[in-house]
Every structure is written in C-alpha cells, then in structure tokens.
Protein chains: 4
Amino acid sequence: MNEKVGFMGLGIMGSAMAANIARAGYPLLVFNRSPGKTANLIALGAQEAATPKALATASDITFAMVTGPEALEELLWGADGAAEALGPGKTFINMSSVTPRFSEELASRLAPTGTAFIDAPVSGTKKPAQEGTLIILAGGPQETVDRLIPLLQTMGKKVVYCGEVGQGSMMKMAINLLLGSMMEALAEMLNFGKMGGLSMDTVLDVIFSGPLNCGLFQMKAPLIREQDFPASFPLKHMTKDFQFVVDTAYDLGAPVPTAHMMLHLFRLAVGKHWGDLDFAAIWKLLEQLGKPQT
Amino acid sequence: MNEKVGFMGLGIMGSAMAANIARAGYPLLVFNRSPGKTANLIALGAQEAATPKALATASDITFAMVTGPEALEELLWGADGAAEALGPGKTFINMSSVTPRFSEELASRLAPTGTAFIDAPVSGTKKPAQEGTLIILAGGPQETVDRLIPLLQTMGKKVVYCGEVGQGSMMKMAINLLLGSMMEALAEMLNFGKMGGLSMDTVLDVIFSGPLNCGLFQMKAPLIREQDFPASFPLKHMTKDFQFVVDTAYDLGAPVPTAHMMLHLFRLAVGKHWGDLDFAAIWKLLEQLGKPQT
Amino acid sequence: MNEKVGFMGLGIMGSAMAANIARAGYPLLVFNRSPGKTANLIALGAQEAATPKALATASDITFAMVTGPEALEELLWGADGAAEALGPGKTFINMSSVTPRFSEELASRLAPTGTAFIDAPVSGTKKPAQEGTLIILAGGPQETVDRLIPLLQTMGKKVVYCGEVGQGSMMKMAINLLLGSMMEALAEMLNFGKMGGLSMDTVLDVIFSGPLNCGLFQMKAPLIREQDFPASFPLKHMTKDFQFVVDTAYDLGAPVPTAHMMLHLFRLAVGKHWGDLDFAAIWKLLEQLGKPQT
Amino acid sequence: MNEKVGFMGLGIMGSAMAANIARAGYPLLVFNRSPGKTANLIALGAQEAATPKALATASDITFAMVTGPEALEELLWGADGAAEALGPGKTFINMSSVTPRFSEELASRLAPTGTAFIDAPVSGTKKPAQEGTLIILAGGPQETVDRLIPLLQTMGKKVVYCGEVGQGSMMKMAINLLLGSMMEALAEMLNFGKMGGLSMDTVLDVIFSGPLNCGLFQMKAPLIREQDFPASFPLKHMTKDFQFVVDTAYDLGAPVPTAHMMLHLFRLAVGKHWGDLDFAAIWKLLEQLGKPQT
C-alpha cells in the first residue's frame, strides 16, 4: 500500500479514476497537459507534478489515461517525458484506449528501459469510473498483473486477465465494437419506431421487458428521450475507437462490416459537430437523415 | 373462458403457443397446412380442423401464426379459407410477423365481414413461447385488445398495447431490427476477438460483467461457443423480417442503414444454405469472410 | 411491315419508343392508363385504343412499357385486360423493367394462351429512346426474337439476345446495378472534391481526360454542376430497380453489397421527396449529409 | 533541358515514369530503397545514387514516387535522407499518393529549407506510365507548376493545375474514390450476371455498346474474364488509397458511404492474400462471397 502512484490524464475518466486511487490511501501524484484539472484531486490529498518526467521519477507505478496514441507519445517521449524516468523496479500502465498494435509498440519501446509494462484499458464510462466499478482489461505478464490487482481494484470491480501485452487493448476493441454497434442500433430502431408512430415509452417498455434489456439501454434511452446528450463517453472518442477497431481488424484479416458502417455513421456525426456530445447522440444523425426536404 | 379458440400455424412458435392455450383450458381447434404437426396438441385435448374455413366456422376467436403474408393469404383467402367464415361476433388475431402496411391491408379486407381484427405479433422465440412468457405486441381497437387480454396472457407474460391496427406489427419490426443487429454485432465482435487471440470465454465474461449483458447474449453465446445452431428463431425468418423492416422504413422515409447492412449479411447467409439454422449462425458468415485464401 | 402493333405505357420512355415505331411506318395502336398522353402519337398517325383488351385484339404484336409489375398486372389481367385477347399467332413483348423471376411468371401465366412472349427491357434513358438508339435486351425463344428484330430496331440501335425468357430482365438488372452505382460514385466523389476545395470543372476535366470517362458522366455531370435535375430516368425508378436487383440477387445467392448500399441511399433520397428528379439527384443526398449542423 | 533530375522510387509506376524522363534527354539520377531495380534505367543513360541525400545533392529537381507516407518519411528524413540536401534553388516533387493533409505537412516541414515544393500525383496506372500518357495532378504555387510543365510532360499527356499545395493530392483522392468504386461495381455486376446465367461476353457487349463504356472497363474486363490478375495497380494500393479517402473525408466532414463500403471490401480482399494482384481481383471476393456452403 505504500507504493507511490502517478496518474497522467485527468479527463472525464482519468480524474474519476485517480480520485479512487487517492481515496484508497495511495500517495498520489497527478499530471494533466492542460491546466486546471487538479483541484479536486488535491483536495483528496494528491499532489501535482510539474512534468511527466517529474511524476514518473517520484512514482513506483505510473498510469496514463489519455485520448490516444498522440497524447501518449507526448507524455512519454515529449519534452520532459515520463519515459526518461522509467526503469527497472518501476511499472508503467497504459489505460488509454489504443490498438493492440500500438500497445505492442509501446512495450517494445519501453523494454530497453527495464520497466514493467501492462496495458489495462477499461470497460465502462463516467459513472462506473466515479463509483470504482469499471472492468479492467489487463494484458501483460500474468505475475505483473497479479501484483497490481489490489491497486487496480481501487478503480474497478473486476480485473480480467486477457493475455500478453496488447490483449487488454484487443479486448477493449472488441467490447467497444459491440458497445457502439448496440448504441447505434438502439438509436436507429427508436427513430424508426417514432417515425412509425410508436410511443417511445412503449418501445422502451417492450425492450426493457425482454431479452434485449441491458444496462447500456437503461443508461442511454433517457438521453434520447430527453434529447439531451451530456457526455459520459464523447461521440468523438467512440469514433476514434471505431477507427482503431477497423484498423485492428485489417491487421488481423477479420471481417467487421458493421464496424465499417459505424465508423462511417459516427464520422458523419462528428462532421455535424456533435463530437463532444455523448455517443448516444448518434440518434441525432438518424433523426436528421429521416427529415424530409422539399 | 368458454370462448372457442382456433389456431392456424403450428411451427416452432405456433405449436408452443397453441399448447399454452390448450393448457389454460380453452376449447381448441388447430390447423396446419403441412400435416403431422398436431399429435402434441391433440394429446393436450385440442382437435384438428379439416380446413381453415372449418376452423374459423367453429371458433369464436381465430389465431394465425405463420411465416408471413403468403401463408396468411392462403389461409384466409385460399381454397376453403378462413375469411369466408369470419363475420360479426368473431375475432381474428394475426400473430405472424408482417409489415404494418400488410396489417392495415388485412384490416381493410376483413372490415366488410364485420369481424373484429387485431394484429398481435410477439417478442420472444422458442423458449418463451413454450413457457408462456412472450411479450405480445397488440394493435387494434383498445377495447378489443382489452377483452382479449386473459386469452393472450395464456401465451405471454405481458400484453403491450401499441396503438391502432398495424402498430403491433410496427413494434415487432422495431424490436426485430434491434434483435438482429445485436445478434450480428455479437457474432462480429466474437469472431474479431477470436481472430485477435482472445479466449471466447474471457470475452463473454467481460460482456456478462458489464452494461452490454442481456438475455439475448446469454442465450446465443453458447450456440456460437459450441458451433451448434439448433433453431429457436431460424435465420431465414430473421432475414425476412429485415426485408419487412427496410420496406417499412421506406414507406416511412426512415433511415435504417444498419438494417440494410443486416439484410445484406443475413441474405448472404441464407445463400450459404444456413437459413434453417438459428439466426445466431450469422457467426458462420463472419467466420468464413475472415478465412484467408491462397 | 404490315404487322399491326399495339403499345401500352406512354411515359417518358414509352411515348418516345412508340413514336419511333410509328415513324417507321407500322400501323400503331396506343394505350395509357392515365389520359392525355396520346396527342403526340396521334399526330404521327397512331390511334388510341379504348382498353388494353381492345388494343391486344387489334394488334399482332403488343408491347408494354410501364413502371413495373403492378402496372403490368393491371394491363394484362385487370378489367378489360390485354391477356384475354392474346392467343396463338400473337406476340406479347414486355419492355418494362422487372425481375427475371417476374418475367418467368409472366411467361408461365401467358403460356396457356398460346401467345408468343419475350422480355425485352432496354438499356438507355430518354434521349436514346427519342433517337431510337436504345440497346434492347431480349430474352425468349431465339427464333421469336430474330423475327422481331426489324420491329425492335425501330427503337434501338442494337438488339442483344440474352437467352431464354427472363434473361433480358436479368441483363437489365445487371446493367442497372452498374448504372446506379456509377451515378452515386460520381456524385459522391464530386461532392467530396467540392468539399475539399477542388473546382468541379477541373475535376470533370480530369475524369473526362482519362479511363473513367464515359457517356453517363458526360450526360449527368452537367445536371450536378447546374443543380438542376430534370428527369431522364427518375430517381424513384432507379430505386425500384435496385430493389429488383437485391431481390434477384437473393434468389441467386449472389453477393451485392454495393447494390444494398445503393438501395439504402436511393431510398433515403426518395424519402427526401426527390423521387421525381433525375437519378443524378442522388447528389443532393450527399450534399445534405455533408452539411454541418450546430 | 539541362536541369539535373533525381527520381526516387522505382516500382511499377516510378520505373516507367523515370524511363520517360531519361528518354526525353534529362540527366537522371535514380534511387530505390530495395536494390536491383535500376538496370533498365541505367541502360537508358541514368546513374544510380548511393543515397537519397546524394541524389538530392546532385539534382536540381527531385521526384519521389513511392507507396506512401512511411516511405516518404524515410527517403526524406531517414538516414542520409534527401531533406538534408534540399534548399533554395532546388525543387522537390512528390508524385506518391498521399492525403492532402500529409502533403500540407510535407510543405510545412520543407518550408524552412527554402526548397520549392509541389505535390503532383498521377491518374493512370502501368500502361499510361509506360507510354507517358498519365494525367498529372499538380498542386502548389502556379508559377512553380508552370515552370515544371515541360519536365512533367515527359511523363504525362496532360498537367492539370489543381490549386495550392495539397490540392493535387485531393484530386488524386477524388479520382481514386471513383476508380475503385467503378471497379468494384463492375466486378459485382459481372458476378451477379454470371450467377444469373448470363454470358459474360454478352454482358460486356452490352456495357461496351452504351453510356457505361469506358477505358477502365475495357482494360479490366479481360482480367476478370480470364481470371488472371497481373498487377497494373495492386489491390493493396487501392486499399491504402481508400483509407486515405475516408480519412480525408473525415477531415472535411464529407460523406463517403461508398468509400467506406469499398474500404471494407478491399480490406477483406487483402485479408484473403490478394493484395498483390491487380485491384480488379476484387472480383475474387465477390465470387467467393457467392459460393454456397453446406
């Protein structure tokens, strides 16, 4: 419990996750590239590091939870990057959503430093991040993952060992393929039902009474009903993940027709300037596609 | 309870539903176009009618649960069809999956006979049909639906009033759009995960631990894991329903990009001769698409 | 040359085609379901028949060129339908766009009358119809087709023998799959280029200088450039043909991913009320999809 | 005419293009990353440079024609890269297919050297490259492009000025969107027609007699008919270009539904190990998708 922890990336997810580490009593250093995100965490006892390098220097275990490869690149190998400070006896954990290929590249590039590395992206968005009920998808040497379980469990209700480095990211890709496809399918069917004259409440009653009922629909249907889309998981991030999915599928030779369709639809929605809304706002694209013109 | 009931269409769904009517104590006449489907029901006290007309003549309430418009056309207006025997004081209930437009046409064609008509397709496949836990999606005059609730509840755990005639079918279309899309998305992600080196059991563990968990995936994942697809809901019927969905969407001007994609994929699977397997066998299409060739 | 000819269906295509028959000197009877379409043809010496039956009675060779199966059904088997008057020694030629399956059904239903039947849809739209430069895609007994060549050549520059009855329609489906896909691809790329800052004239210059240059693009690019879409081939008819294509593909087990996508897009365009514009107006859908929203 | 020219990248396209520069009498230095590609050019009087830097040092005008951004990166900024030797008075011309965004980045990175830069990708594949009949799509300062026209015309029959730097690449993306979509549509319709019983020769006769006839189909139909796909334009390069197209479309907010579908299909074909065949081999994917299974 006296391992010193560093956490880089304090967005919607990262700030909630870091808070749970702090609440569990770990000494915590935090860093965010854009300023003004740390007050909350400092109130919980965390300290702010001046640079990624300073953070990694002072930490036994360094986490990153950022928007993707570019941000990771900068935090690790940019000016005053964390990589300089990583080495034997230290552990680096990437929780950001990236491709398996990128995870493997990270592993290769970090290997010469002698630092331990695992990829550990999460399933779950804002609320489970706040409540510490994420599912953590870990890839890397099993003994490293096992050793980290108590720390990871401050953030998640479950740590799933997925395989070697990169397999955590692979699992994340698979889960998000399903997540985004289900979201769009719900939006498409609700819009279809509405245009067909059905009451949305009645449609939802039918869904919630049968085998299609799930937590996702329970969470997202109200956003569509209220036409209000505060972001738990921004649409632009879902879009980025679909790009990762189709790229990963291409590396594997795996057919992902629906993922390609979804990438197309979510990208169109970003083009409409809805990228900062919750990904349930894919509804808005379907609604607009159905509006007659004259 | 002493209404006499007739039931036409004794396939996977119809035979299970009729059995529940019989078990509830209603006097029951049954008819199926192809022979050899009635032994089970006769054992429960039902009698077999020689023709649809004979069935409708002897019944207060006549049900049809068949594969679609062509079969309904024949049962109602073919040789010795039921329509000749329908009239004031009698009720006809179509539970088959058809488009809202076809339901409205049925209503128009039956109106001159003076018979009461509702459309009441169901959500749920083989198992809930057997257990009497279907969700019944009823469209028609509300007082007619209300009067029929005790009888309908012998087959389903819930009767949802969807609106005027045709709205039961509209609800069915919406539900099946979601059902088929979720099934394909699960198959696509499981195949993607498998090709990416993940254990299917681990993937399912992650799904079942989070907000994507639902009864459908609980039921269908084992079929994919075991590569065995006995039909609860035949793939060819899902395909037909997607055709109804896209046709209905066209009538409405509703955008259904995913439904079009699914129609394409399920039709390809039927073309591969997998139409009689459960619709979870869409997995087989994805598996085959991903096989490298030389 | 003294065969008496009847022509049913005087839309954009039919009226131009019938005019060429009249100009070639054939005695010509015409019929159209909605009135007011015959003045032009009467000026060329044609006479108007009161009913399809009257037309077929007085004609050796009866043509139909209508919007599809429903119209054919009515002209042949509706009140005072032509079928009653068909028989040995007479010939019926369907030039309307229908599925191969429907052509085969027509053949089966007409067979008992003893009339000769061929399907002979056309490749080409308004202008070649007016100029008599259509390509006629004929299916049926080869000797029947051969006998009709002089008459068919009044309407077309080329008669292509495609095979048994239904194969003319099969060819038409294949050609229209390519036609509609190329049209949408042109519209998609022109909109993409425009949004990327290219001059449309420069893009067209590049297309017209290379191996993608074709008559279709020469004809349709000006409509897109001028944003004016008078119908040579109405978008709603292209949509109907894509439905026929995907249905035929399903009968054959043939994969038509692009046709499914096109059906989706063209149906959306019809939903926007652009069905009566030329099918080049698929451009408008792409333009609208790309408009940002706030 | 006494400008010294350097040409890097001697694949199918580059070697043919460099040969035309040599034949026109320009002093020519060539370089290729993998060895053994220069004999032909040396026979035409060219000399081989030891490194990209050596090539750029000795040349007034340096061309690159490689497979994409990674190769360019290496040639320009790798060990002994050309960028070190570029400077005022020299010109660098990228003819490789890249995104507009990448072209603009190249321009920005080269700007500090003071070298002139244009992007000049080409429309046309192996045969027009050999015959010097490519269409050259040039972006950059108009006076720079104008000055280079005599040199560019050794490789192409036409130089189209597309706009500022990046617009040549934008034009290339637009053209290749249309190119790939037309190729797939042809393959899809030929397979559909074949499965429907049509003779491929007859289908081609109809295409070649009407407004869909174009140089592309004249070139590619024989490959499909003969089931032999020697690469003029490898399928894997078409796939890469579709990735560039959808990425560029995303930057622009442009809807490219067909490009997304094509990316999916071409990637599946690469996954089948057909990436080194000509892109007409997309036919093989459609053929396989249509094969029934038992």
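User: Which residues of α12(B) meet α11(B)?

Analyst: This is a predicted model, in which local features need pLDDT of at least 70, side-chain atom pairs count only at pLDDT 80 or more, and totals for chains, interfaces and linings use all residues. Residues are numbered from 1 along each chain as its sequence is written, while chains are lettered from A and ligands numbered from 1 in the order in which they are written. Helices are DSSP runs (H or I, at least four residues), numbered from the N terminus, and two residues are in contact if their C-beta atoms, placed from the backbone, lie within 7 Å. On the α11(B) side the residues include B:Leu235, B:Phe242 and B:Ala249, and those they meet in α12(B) are B:Ala259, B:His260, B:Met262, B:Leu263, B:Phe266, B:Arg267, B:Ala269 and B:Val270.

User: How is α11(B) oriented relative to α12(B)?

Analyst: The axes, which are lines fitted to C-alpha atoms over the stretch in contact, with angles running from 0 to 180 degrees between N-to-C directions, come within 9 Å and cross at roughly 150 degrees. Angles over 145 degrees count as roughly antiparallel, and therefore α11(B) and α12(B) are roughly antiparallel.

User: Which helix gives the most to the side of chain D that touches chain A?

Analyst: In this contact, 10 residues of chain D meet 10 residues of chain A. With 7 residues, the one that gives the most to the chain D side is helix α12 (residues 257-271) of chain D.

User: What distance separates the centres of domain 1 and domain 2 of chain A?

Analyst: Chain A is divided into domain 1 (5-164) and domain 2 (170-289), with bounds from an automatic or database domain assignment. Taken over C-alpha atoms, the centres of these domains of chain A are separated by 28 Å.

Notes. Helix = DSSP H or I, 4+ residues; strand = E, 2+ residues; numbered from the N terminus. Parallel < 35°, antiparallel > 145°, perpendicular 65-115°, else oblique.
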